[in-house]
Amino acid sequence: LSVTCLPAVLSLMPMRYRQGAPVSRARWTERLAAWIIRRRRRLLWGGGALTLLLAFLVPRNELNDRWVDYFARGIEFRTDSEFVMEHLTGIYLMEYSLDSGEPSGIGKPEYLSAVESFRRWYEKQPEVVQVSAYSEIAMRLNMHLHGDDPAAYRVPETRELGAQYHLLYTMSLPMGQDLNNRVDLDVSSTRFTVTLGNLSTVELRSLAARADAWLRANAPGIHAIPASPSVMFAHVSERNLRQMVRGTVLALALITVALAVALRSVTFGLVSIIPNLVPAVIGLGIWAIWRGEIGLSLSTVTTMTLGIVVDDTVHFLSRYLRGRRVRGLDGEAAVRYAFDTVGPAMFATSMILVAGFLVLALSAYRLNGWMGQLAAVTILAALVADFFLLPPFLLKVEEWKARRTQA
């Protein structure tokens, strides 16, 4: 539409053209270009040092999600969830299917002892609110059938006794109730439920890893992986970030190759990496200082904004090279030419995009709000990099090329 419909509409619209408008429009870009050229060494080394500093801060961003905190305070869901966690129980679960390894094997004393030890270990963890395991039922039955003697609160001594307890308990339940929600049909596995407080995804993954290590060390015959929506999304966010990093690197490599072909210069294709990569580094570095946490939505921002960032790079480099190749300008004059021809457009589009993403920052749903904030910071950083870092670097490249030619 930009290259077909828009020109046709512009040709038909009655628009007046004021003489001298381009000169007045470009005054600020001329002054900015002159200022940057005079201070190009300070800007190059200062901007490079600042970028490196922010790059060192990027790893301080912790991959984390806390689902209740996605909603702003005052939202009914968050208010109710916090009340439940404070006064009733936790809202996050970790579910295990603990397999005994054979049909009707849940009555084995060694199996019940391992399940009970696992339950007691979980209850000692500070993140846990409650643990529900079949071993509790077997131990309670053993105590009740021994005259409610507290000393008999232990697992049945034999497998046959455990099987009889299970049959007795199942038959004593009211009509319509059974243990199918805790025991599978061939009585080989039991359900193990852990209720948790308001954990972040980092804390949840850490707890799951500790539990897996305990099972491998203390119950090698029972290996189980926790499953629940909370566990699933805890790993989804981590995996999503890793894949997004790989995708961004691949996209950056393909963009560099495409620009090298389009600009007919391997050198300037490699130069384009700087204005394309620096905005993401600056944005994530600032985010590390501001919030320090990257969630599911923020892991997509770098890839999402890369296509927007590339536009400014293409505009500036193409105009710069046009000034050098077609108009025969030197480096400084080509920088002025690029600022004069595309500077106002780059500034206008960047500010419009920043304003558009900042609308998302007003959202009460933090996934949208944080994504809008980081995207706006990244796009603004791209404009700063294209205006204040790319021109000094281009002039530095011209100096290197001149020295090589003289040598």
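**Helix pair**

I looked up α13 and α14 and found them roughly antiparallel to each other, a label for angles over 145 degrees, whereas under 35 is roughly parallel, 65 to 115 roughly perpendicular and the rest oblique. By class, the contact of α13 with α14 has 19 nonpolar, six polar and three charged residues. Here Ala, Val, Leu, Ile, Met, Phe, Trp, Tyr, Cys and Pro count as nonpolar, Asp, Glu, Lys and Arg as charged, and the others, Gly among them, as polar. Helix α13 covers residues 331-360 and helix α14 residues 366-406; they pack at about 175 degrees, with axes 8 Å apart. Axes are lines fitted to C-alpha atoms, for helices over the stretch in contact, and angles run from 0 to 180 degrees between N-to-C directions. Helices (H or I, at least four residues) and strands (E, at least two) are DSSP runs, numbered from the N terminus.

I noted the ground rules. This is a predicted model, in which local features need pLDDT of at least 70 and side-chain atom pairs count only at pLDDT 80 or more, while totals for chains, interfaces and linings use all residues. Residues are numbered from 1 along each chain as its sequence is written, and side-chain values use heavy atoms, with hydrogens and water left out.

**Sheet**

I traced an open sheet of three strands, in the order β2-β4-β3, with antiparallel pairing. Two strands pair if DSSP finds at least two bridges between them. β2 (92-99) and β3 (128-132) are the edge strands, each pairing on one side only. From one strand to the next, the twist averages 20 degrees. I found eight bridges between β2 and β4 (residues 189-196). Tyrosine 92 faces leucine 196 in β4. Helix α8 (residues 201-218) lies across β2, β3 and β4, at about 20 degrees to β2.

**Rings**

I got 20 aromatic pairs. Rings of Phe, Tyr and Trp (its six-membered ring) pair if their centres lie within 6.5 Å; planes under 30 degrees apart are stacked, over 60 edge-to-face, the rest tilted. Tryptophan 121 and tyrosine 122 have ring centres 5.1 Å apart and planes at 70 degrees, so the pair is edge-to-face. Both residues are buried (under 20% relative accessible area; exposed is over 50%, partly exposed in between; 1.4 Å probe, protein chains only). Ring pairs join Tyr96, Phe118, Trp121, Tyr122, Phe192 and Trp214 into a cluster.

**Alanine 334**

I placed alanine 334 in helix α13. Its relative accessibility is 0%, so alanine 334 counts as buried. Leaving aside neighbours within four places in sequence, alanine 334 contacts Tyr320, Gly323, Arg324 and Leu329 (heavy atoms within 4.5 Å).
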